[in-house]
Amino acid sequence: MQILTIQNKPFDQPIYVTRPILPSLDRITEKLREIWDSKWLTNNGPQHCLLENQLKNILKVPYLSLFNNGTIALIIACQSLRLTGEVITTPFTFPATPHVLTWNNIKPIFCDIDPVTMNIDADKIESMITPQTSAILGVHVYGTPCDVVKIQEIADKYGLKVIYDAAHAFGVEIDGMGIGNFGDISMMSFHATKLFHTVEGGALIFKESNLKTRIDFLKNFGIKNEEEVVMPGINGKMNEIQAAIGLVVLDYIEDERNKRKVLVDTYKECLKDVPGIKLLPKDKIFSKSYQYFVIRIEEEMFGRSRNYVYQKLKEYNVFTRKYFSPLCSNYPCYKQLPSASITNLPVANIVAQQVLSLPLYGDLTPDEIEKICSILLEIK
Ligand SMILES: Cc1ncc(COP(=O)(O)O)c(C=O)c1O
């Protein structure tokens, strides 16, 4: 594919890193009418039940529980497994991941990341286990699965639980198995920035039937029935409007994914031979989420830093994101932890200076992607 070398003009309209699927208003109104007719707005209504069942099938998991957002879901995942003490996790993630541990009075222990997948480095987990460790919390960053086999081996050896933050991994499968079948519990986020969304929302997915009962109590104040409140729960329920929007959005997912695939292929073709730009590794074993298109800018070879490129792209009306920079281990609330030291996290500290999420959503055209790549070369 030929990249234009003429001087690029800024885009007329801002190009953001993502844009949510917005179904036709007619379809939404139709669904809202069903809710108005039912007069049931929240608490396990018909839309909620329908969405839970459909997602279970789509994600190929035995149990699923919907939530008002992914963060509350992850807080409840820790509660439901009765985690305590310390949990080993990655610093290269969205703030919600370590914060849910803090909200559970658990100390996050940061483990360095793999230089290729940018996920928690399974080879480094064992050395971080102490008598206080109760679990490993991995993140399938950008939808690339963690080393689920090795992590499970370590967990089995030390009697630890495994939770995955699968916020970016909607629909990802490893060898045809839904990603939610690995570990004890996985969390999905259905925030508007995600491929599948319910405006705000999330889910826990898992294999044990007894967890379903406990999780559903925990997200509804611990209420068992009108006479019994059996545990200190919280309000984590997804409402009927969120669920209804999700049901409509589901119909658009395949088309959106196909469009994003074409755009990702265009990016790859344009950027594959650019010195200093590294693309995510290829892997045939797992399917892609098409949640983000991320590059790594190696300053020495590219000639410009990631931060320079990020700023400069704004002049062309292209708004990228530095997912995930700053590293969670460098936040004021965590940087005093011994595991947050730069010497403990050399790879994560380098990667966080390199990553840049480029715009990816179905309404973009391959021509626009080519222009973004051409601008990148111009900046270089
Ligand atoms: C990796 C990761 N974990 C957790 C979350 C939090 O999910 P939510 O916004 O649904 O609470 C997000 C993003 O939103 C995320 O990207």
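So, the crossing of H2 and H8: left-handed or right-handed? It's left-handed, a word used when the near helix is turned anticlockwise from the far one by less than a right angle, with right-handed kept for clockwise. Helices here are DSSP runs of H or I with at least four residues, numbered from the N terminus. Before I go on, this is a predicted model, where local features need pLDDT of at least 70, side-chain atom pairs count only at pLDDT 80 or more, and totals for chains, interfaces and linings use all residues. Residues are numbered from 1 along each chain as its sequence is written, and side-chain values use heavy atoms, with hydrogens and water left out.

Back to our pair. Two packed helices are described by the angle between their axes and the distance between the axes. For H2 and H8, which spans residues 240-271, the axes come within 8 Å and cross at roughly 40°. Those axes are lines fitted to C-alpha atoms over the stretch in contact, and the angles run from 0 to 180 degrees between N-to-C directions. That angle makes H2 oblique to H8; under 35 degrees would be roughly parallel, over 145 roughly antiparallel, 65 to 115 roughly perpendicular, and the rest is oblique.

Who touches whom? Nonpolar covers Ala, Val, Leu, Ile, Met, Phe, Trp, Tyr, Cys and Pro; charged covers Asp, Glu, Lys and Arg; the others, Gly among them, are polar.

Next pair: H3, residues 70-80, and H4, residues 96-103. Their axes come within 9 Å and cross at roughly 45°, which makes H3 oblique to H4. The crossing of H3 and H4 is right-handed. On the H3 side you'll find Thr-71, Leu-74, Ile-75 and Cys-78, and they meet Ala-96, Thr-97, Val-100, Leu-101 and Trp-103 in H4. That contact splits into 7 nonpolar, 2 polar and no charged residues.

Last pair: H10, residues 306-315, and H12, residues 366-379. Here the axes come within 10 Å and cross at roughly 120°, so H10 is oblique to H12. H10 passes H12 in a right-handed crossing. Tyr-308, Val-309, Lys-312 and Leu-313 in H10 meet Ile-375, Leu-376 and Ile-379 in H12, and the count is 6 nonpolar, no polar and 1 charged.

Okay, the ligand. How many residues surround it? There are 15, with Gly-70, Thr-71, Asp-165, His-168 and Ser-189 the closest; to be near, a residue needs a heavy atom within 4 Å. A backbone N or O atom of Gly-70 sits 2.8 Å from a ligand oxygen. For Ser-189, a polar side-chain atom is 2.7 Å from an oxygen atom of the ligand.

Most residues other than glycine have a negative phi, and most peptide bonds are trans. Now look at Asn-44: not a glycine, yet its phi is positive, about 60°. You'll find Asn-44 in the loop between H1 and H2. Then go to the loop between H10 and H11, where Phe-324 is found. The peptide bond from Tyr-323 to Phe-324 is cis, with omega near 5°. Pro-326 is in the loop between H10 and H11 as well, and a cis peptide bond joins Ser-325 and Pro-326, with omega about 5°.

Note on methods. Helix = DSSP H or I, 4+ residues; strand = E, 2+ residues; numbered from the N terminus. Contact = heavy atoms within 4.5 Å. Polar contact = N/O pair within 3.5 Å; in protein donor to acceptor, adjacent residues only side chain to side chain.
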